[in-house]
Amino acid sequence: MTAHLHPIGDLDPIQNRPGTRGRNLVGTEHGFTSLFVSELLMDQGAAIPLHTHPTEEALVVREGTLTVQVGDQTVVAEAQ
């Protein structure tokens with residue numbers, strides 16, 4: 001087993017996504033090729049353009065409400 005230890009950087013503004021800041025926690029820049037974990041902080045009204053991923057995506061809502069379009073279905077996730 002290989003251990004990967006990396007410092008967690010600051011949440012930085014994401015280009016072309018007003019009101020969204022983020023940081024990659026696990027990704028190719030850390031030596032991973034099959035796993036990606038990021039943290040996003042989105043202001044109210046911020047949006048991410050429609051896109052797809054070649055892998056599954058999991059979302060955790062810690063505060064507020066997130067509305068996600070999944071195919072033809074709209075999913076509203078509220079923080080617990």
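Helices (H or I, at least four residues) and strands (E, at least two) are DSSP runs, numbered from the N terminus. The model is predicted, so that local features need pLDDT of at least 70 and side-chain atom pairs count only at pLDDT 80 or more, while totals for chains, interfaces and linings use all residues. Residues are numbered from 1 along each chain as its sequence is written, and side-chain values use heavy atoms, with hydrogens and water left out.

Strand pairing was assigned where DSSP finds at least two bridges between two strands. Strand β1 (residues 12-13) pairs with β2 in the antiparallel sense over 2 bridges, and D12 stands opposite G22 in β2. The two strands β1 and β2 form a hairpin with 6 residues between them; in the turn, N16 has a positive phi of about 65 degrees. Strands β2 and β3 also run antiparallel and are joined by 6 bridges. V26 has V37 in β3 as its bridge partner.

The loop between β2 (20-26) and β3 (37-42) contains H30. Relative accessible area was used to class residues as buried (under 20%), exposed (over 50%) or partly exposed (in between), with a 1.4 Å probe and protein chains only. H30 is buried, at 12%. Apart from neighbours within four places in sequence, H30 is in contact with H4, H6, N24 and L25, contact being defined as heavy atoms within 4.5 Å. L35 lies in the loop between β2 and β3 and is partly exposed, with a relative accessible area of 47%.

L35 belongs to a nonpolar surface patch with I8, L25 and V37, and together these residues have about 340 Å² of accessible area. Patches are made of residues with over 30% relative accessible area and no salt bridge, like charges being joined within 9 Å and nonpolar side chains (Val, Leu, Ile, Met, Phe, Trp, Tyr) within 5 Å. Accessible areas come from the Shrake-Rupley method with a 1.4 Å probe, and for residues only the protein chains shown count as cover.

The structure holds 2 salt bridges, each defined by a side-chain nitrogen of Lys or Arg within 4 Å of a carboxyl oxygen of Asp or Glu. One is formed by the side chains of D43 and R21 (3.4 Å, N to O). This pair links distant parts of the chain, with D43 in the loop between β3 and β4 (65-70) and R21 in strand β2, 22 residues apart. D43 is partly exposed at 38% relative accessible area, and R21 is partly exposed at 26%. A salt bridge also joins the side chains of E39 and R23 (2.7 Å, N to O). Here E39 in strand β3 and R23 in strand β2 are 16 residues apart.
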